[in-house]
Amino acid sequence: MSTPANKPLSMSRRGFMRGVLGTAAGTGMLGALSACGDDGGSSSSSGEGDSGRLVFWHNYTQEARVNFMREVADRFEESHPGTTVEIEVVPFPQFPTKWPAAQTAGNLPDVTTVLPEHAVSMWQAGALHPMDPVLEELGGSSAFVPGLLDKAAAYEDQHILLPHYVHNRLLAHRTDILADAGVSLPERPTWDEVLTAAQATTKEPDQFGWMLKLSAADTGGGYLLWMLTHSAGGRFFDADGTAMLDTPEVKRATEFLVEIGHTASGPGQVNYNINDNFSLINAGTTVLAEVSGAEIGIAAVDAPDIADKLATTFMPTDVRPGNLIGAVSLALPKGKNPTLAQEFAAFLYAEENYVPFLHTIPLFMFPALASANSPEFFAEPTIAKYEATAQQTLAGVEEGSPPGFEDGPNPYTGPVFNSHAIEQMLQNILVGGADVDSALATANQTVQATLDDISSRLG
Amino acid sequence: MTSRLDSAERIDSRSEEPAPALAGAPPSPGSRRWYRPILRWLDRRTHVLLVIPGVALLLGIVAYPVGFNVWNSFTDRNLSFPTSAWVGLANYERVLTDAAFFSAITRTLVWTFTSVAGQLLLGFIGAIALQAVRRGQGPLRLGLIIPWAFPSIVLAYSWKFMLDPIVGVVNDVFMRLGLIDQPVAWLGTESTAMPAVVAMNIWFGFPFMMVALLAGLQTIPVEHYESARVDGANFWQELRHITLPGLRHVIGALVVLRSIWVFNNFDFVYLTTGGGPIRATETLPVYAFQIGWTNYDIGRMAAVSVAMLGVLVVIVAVYLKVLRVDKED
């Protein structure tokens, strides 16, 4: 006998269609009711609901900077009633893959922090608004450190970004180990002086004069060779997109780096990347390291004993110092609230927000705004303690440029460094035993192919 | 008494009857005639309607991305430039003339087969050993599956640290044991980088194999072993004639699944070596990543991924063929 429990399932086509239509109608009604109950707040994703919603991506992962940015956003919300600032932390390693996906999905943020080479790619892809209205609001080009906008922000007659803060690559060293080895470094050391110091402080198997970081997973090796090439008076490519890795300057810089790699660096140098710097210095594994003030600032907080033993010089000088500027910048992607985005970007530079932000991690960030180069900035205790490092950074910012930006922002820099042709070339020489000339010739071909690709797209 | 069959037949026969005309509706004998057979056919096969949403979802989330990827492989789509154009087979031509692509295929095959073989062997040994444990099998099983539970980034950096030539524990232990005279840069030397990442992958993947094989072992009737022992069979004979045949299907499914996963694995290799040194560990996923996400060359990356799909289809087809032959035997 059939019971309700074991009654066979019976559904006709009409029953099924009635069920589907009923479910669809119910869902539609619920959706309509939900829309009626929506107060137009920050959760809305389109139309009127977006009028007060601003999305801000930044790369600041440390707690102090994250909290400070939230406080700035809260103040902006207070001064702009009805506005909601949504912050998403997007570390720079994720940024190159995240913005294209967001652009495809129509979800670009309104404001973002960005590296200059990424900003050029975004500009090429039509993902950015110009920053000129914000620049005007701030008082024009003279508001920034002299020359900085030409070196990092001006592209195709527009300012595609504005530097939020700057720093310069320096050569840090452990003063205690250098003193034990009986060597010292002047403030602007030559290549020979650095090589001598690195070799003198190498005590295998656990202490190396200058542990190189040549992993192909980041651009540390490419940046280091660029600094040395810049120091030798050369460059990787010219403004017309011609590779120049086969020039004497690049060869000399490569030979210097290979000499360091063979005589003062250690096993594992092809696996280390820039993020390993702090632990290598902290452990005493490397005596010299190319750093920004950031590593000193972090050491001052996390490892004060080590920080007390650290000092910096300019990067080695051949015909000029090998300065490399880092310019973490603000840009305006084509989000949903361009006008509000301009106001928020300007707000980040406001007096009550700017220098206090730079002080969240002292020595990490230096002023891009000329007016912020003030006694107030230098009075911060850690910055005052490492005044030489601060002054070297500011001098380097004036003298140097971002990597590959000798003539200002261009579309070639990002792809050339991201191709990792330089890291592959250095690995070929140091691990694979290739000779410098043939390795440079191969890398030059790779870089030229990359440049040609871009040139053909640009017409 | 009404049987299920009777009910089903009644439903079918009811749905065969023409639907009664709606009250008040004007007669239109010709206008509705064309789709009546379809409706009648659907009445007899309501299950087709039930399957349609699932199939549509599958097409949306699988076929669309695959189709979009194939389409991209015929264009010069680059994320740094707003427009793209049809370039025919140019991306494929460029990929197939790149020596690095073929080197990456070779390395991917080495990476996949050695990893899966190692995982299977270790997993099998672990499963046999664990089955013999009578007390505390649960905690042991839990302990052994820990590697599987950690995020790959944690595992990759832990292994990178352990294999570090200066502060790594592996060198220290090997030197104390007299196996090596001086520290080795396991991930920084061409000859040792691939074996090192494979060892790491075997360690990571064997617990999955072990748990699945243990479950398979527990489905083999104990009576088979008891009969064999009565007949005087030793451990190896039991293994060969009872255990392995009993696990054949589980092993087949595991090998196919793990091969696909390991073949497509990107994070372990990239996080530990970045594909280096000198491309010694550059597998196809890493190669595709370098093209697509560092150069933004989506068109060429799509061509690489289509080629990867081809290689993977060949591998799986061979596996399935081998399994089918085995089944027929």
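Which helix of chain A lies across E8 and E10 of chain A? The answer is helix H18, made of residues 387-399, and this helix runs at about 25° to E10(A). Keep in mind as you look around that this is a predicted model.

## Chain A as a whole

Let us step back before looking at details. Chain A contains 21 helices and 12 strands. Its C-alpha trace spans about 95 × 60 × 50 Å along the principal axes. The chain has 459 residues, and 56% of them count as buried. Among the contacts in chain A with a separation of 6 or more, 77% are made by residues 24 or more positions apart.

As for charge, chain A carries 24 positive and 55 negative side chains. The centres of these two sets lie 11 Å apart.

Strands of a sheet pair through backbone hydrogen bonds, and they may do so in a parallel or an antiparallel way. In chain A, three strands form an open sheet in the order E9-E8-E10, and their pairing is antiparallel. Strand E9 (288-291) and strand E10 (310-314) of chain A stand at the edges with a single partner strand each, so one side of each has no neighbour in the sheet. From one strand to the next, the twist averages 35°.

You can follow one of these pairings in the structure. Strand E8 of chain A covers residues 170-174, and five bridges join E8 to E10(A). These two strands run antiparallel. Within the pair, A:Ala172 stands opposite A:Thr312 in E10(A). Helix H18 of chain A then lies across E8 and E10 of chain A.

## Backbone details in the loops

| Cis peptide bond | Omega |
|---|---|
| A:Glu204 to A:Pro205 | near 10° |
| B:Gly276 to B:Pro277 | near -5° |

Where do you find these prolines? A:Pro205 sits in the loop between helix H8 (191-200) and helix H9 (220-231) of chain A. B:Pro277 belongs to the loop between helix H13 (267-272) and helix H14 (284-294) of chain B.

Another angle to look at is phi. A:Asp157 is not a glycine, yet its phi is positive, at about 65°. This residue lies in the loop between strand E5 (154-155) and strand E6 (158-159) of chain A. Is A:Asp157 buried or exposed? Its relative accessibility is 85%, so A:Asp157 counts as exposed.

B:Ile278 also has a positive phi, of about 50°, although it is not a glycine. You will find B:Ile278 in the loop between H13 and H14 of chain B. With 16% relative accessibility, B:Ile278 counts as buried, because buried means under 20%.

The loop between H13 and H14 of chain B also holds B:Thr281. Its relative accessible area is 1%, so B:Thr281 is buried. Which residues is B:Thr281 in contact with, leaving aside its neighbours within four places in sequence? They are B:Arg107, B:Ala193, B:Met194, B:Val197, B:Val269, B:Thr273, B:Gly275 and B:Gly276.

Terms used. Residues are numbered from 1 along each chain as its sequence is written. Chains are lettered from A and ligands numbered from 1 in the order in which they are written. This is a predicted model: local features need pLDDT of at least 70, side-chain atom pairs count only at pLDDT 80 or more; totals for chains, interfaces and linings use all residues. Side-chain values use heavy atoms; hydrogens and water are left out. Two strands pair if DSSP finds at least two bridges between them. Helices (H or I, at least four residues) and strands (E, at least two) are DSSP runs, numbered from the N terminus. Axes are lines fitted to C-alpha atoms, for helices over the stretch in contact, and angles run from 0 to 180 degrees between N-to-C directions. Contact means heavy atoms within 4.5 Å. Buried means under 20% relative accessible area, exposed over 50%, partly exposed in between (1.4 Å probe, protein chains only). Lys and Arg count as positive and Asp and Glu as negative; His and the chain ends are not counted. The place of a charge is taken as NZ of Lys, CZ of Arg, CG of Asp or CD of Glu.
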